[in-house]
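My entries follow in the order in which I went through them.

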Amino acid sequence: MSWRAEAVAVWAFALRNLQMASRNVFFFFELLFWPIVGVVSIGLMTRFLDLRPEETSFVLIGTIALSVVQVCQLEVSYAVLFDVWSRSVKHQFLAPIGIRHLTLGSWLVGMVRGLTIFLILAVLGWWSFGFDVLRPGPGGLAAFLAGCFLTAWVIGVAVCALITLFGNRAEAFAWATANLVLVLAGIYYPVSVLPGPVAAVAAAIPLTHTLDAFRAHYGFAPLVPAPTLTGLALAVAYAALAHAAFWASVRRARARGLLLRMSE
Amino acid sequence: MLAIDARDVTKTFRARWPRRRETVALRGVSLQVPRGSIYGVLGPNGAGKTTFLAICATLLTPDRGTVTVLGLDVVRDAARLRRRLNMASGRPSFLWSLRVDEVIAFFGRLYGLSGRRLRARVDELVALFELGPYRDVPYHELSTGIKQRLALAKALVNDPELLFLDEPTLGLDPDMAIRVRAHVAELRRRHGITIVLTTHYMREAEQLCDEIAFLKAGQILARGTAEELKRRIGLGDVIALRVTPPARGLAGAPGVLRYVENDGWVECTVDDAGTRLPELLRRLDASGVEVRGVQVREPELEEVFVELAR
């Protein structure tokens, strides 16, 4: 496949997700309503608990990360979910494309939506609760967003693999997985408060280190000496694993007839 | 030259949960489809028609056997093969809120079309299938017939050399079904596309297909042209006679395979109408029965289907 054809196939999925989102009322809830409700309610809770500004920042960073990862991950999962819901799975797997086109196209839209949410929530956090989002500087911000988006890609692709493996029964993973990962990664608390074995699992999650790296700019000590690098390296490794899992599950679906059962 | 060369294809679907189940869909199917032909795959529900098409279209991998499509192996060369084929089914389904032209354009992009070429292709297919008035209508608001036409348009977006049509006129009203059949015939005539179609409508198969294969329980029971199949099944010719009073003595006449009385007509299925008709008329005349009308027809493919599906 030429680079041009590669780009066109990726763009096909990106454009399709945008078209679907633009005609979906839930898009508004996903993009604005729930994230804003999250930041406002958590921000008010920090006031009630009379937290120091650094502690408020700590909690708000987790809240913003939660929204960014969730929205971006859902968009990646839509790469397969839209077709499962409309029972048209076979058409895209009949075309001469690879799973990279599905996931990359959807991820691009997910990143745009995630970035939009990040900007809205950062402004809201600053205006309402004095959260200084610019303190880590452009490099810190970029690393934070990259960590969130890569985590979202890993979760989204893993969800695509599960749906292709188990069919509609696995749909709930699309909403549940991100929450589970985020709880383990310490969105509202340092992972040191988790029980020993759970904390060990948390240390293997890239987002844990992404959050640590960002929070280090607000005076909180990270788990490991180079959290940004650790987070990104883990995310890239999991991304490769998730991609391999998705590839294998599509192959299995072709062997077991699941692509047909999820179509027409 | 063969478009499809399938040898000894076997496929079994296995489920382990919630209960263990095994369904044998294809049992050693071998089938050769010549390039440029319209080939019909007929059979009752669950015969394995869709499974066979899905294997040829690379959507499913066979358990055993080899399938070569357009000279490429469906498992080893699947990625290359997908550029050259496409598929439409009688129960089409696309993303609910995409509009007609967006559906075609989306699939066009998956086949590498972009910019002016993509726009031209979308316009061409919209015009070919008379989808102009529905261009901006979301998929979920389309009628069954328009959805079917859109499915055909999508299936042609990559200018395929081989097209699989899985019950393309299912659920269409007669007028729309005739138009879809006309489109299919036109595709072969103008573009030389090889078309493999499954259908339950015998008239459709008889009208469109150069050759037909009958599948039942995952096996090919018969294949050939419609005429060959009728002859091979040995249903014979049908002689319909309008007689008064009803004639009783024909059932035992030589060469009469079946005898049915219906509303003043008697229908005799005979081995050969040319030989048997004079004899039947002589018998009727001898027993004083007046013959007011005679019709001779060949058996219909539907009768062949019923016979084979038994």
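**The four-stranded sheet of chain B**

I first looked up an open sheet of four strands in chain B, whose order is β12-β13-β11-β14 and whose pairing is antiparallel. Strands here are DSSP runs of E with at least two residues, helices are runs of H or I with at least four residues, and both are numbered from the N terminus; two strands count as paired if DSSP finds at least two bridges between them. I noted that β12 (256-262) and β14 (290-297) of chain B stand at the edges with a single partner strand each, so one side of each has no neighbour in the sheet. From one strand to the next the twist averages 20 degrees, where axes are lines fitted to C-alpha atoms, for helices over the stretch in contact, and angles run from 0 to 180 degrees between N-to-C directions.

Before going on I wrote down that this is a predicted model, in which local features need pLDDT of at least 70 and side-chain atom pairs count only at pLDDT 80 or more, while totals for chains, interfaces and linings use all residues. Residues are numbered from 1 along each chain as its sequence is written, and chains are lettered from A and ligands numbered from 1 in the order in which they are written.

Within this sheet I followed β11 (residues 237-244) of chain B, which runs antiparallel to β13 (residues 265-270) of chain B and is joined to it by six bridges; B:I239 stands opposite B:C268 in β13(B). Helix α9 (residues 273-286) of chain B packs on the sheet and touches β11, β13 and β14 of chain B, its direction making about 15 degrees with that of β11(B). Contact between two residues means that their C-beta atoms, placed from the backbone, lie within 7 Å.

**The six-stranded sheet of chain B**

I then turned to an open sheet of six strands in chain B, with mixed pairing and the order β6-β7-β8-β3-β9-β10. Because β6 (85-89) and β10 of chain B are at the edges with a single partner strand each, one side of each is left without a neighbour in the sheet. Strand β3 (residues 38-42) of chain B pairs with β9(B) in the parallel sense over four bridges, and B:Y39 stands opposite B:E211 in β9(B). Helix α10 (residues 301-309) of chain B lies across β3, β9 and β10 of chain B and runs at about 30 degrees to β9(B).

**The hairpin**

I also looked up β1 (residues 2-15) and β2 (residues 21-34) of chain B, which pair in the antiparallel sense over ten bridges and form a hairpin with five residues between them. In this pair B:K11 stands opposite B:L26 in β2(B).

**Domains and chains**

For chain B I noted domain 1 (2-231) and domain 2 (234-309), with bounds that come from an automatic or database domain assignment. The contact takes twelve residues from domain 1 of chain B and ten residues from domain 2 of chain B.

Which element gives the most to the side of chain A that touches chain B? The contact takes 28 residues from chain A and 28 residues from chain B, and α1(A) gives the most to the side of chain A that touches chain B, with eight residues.
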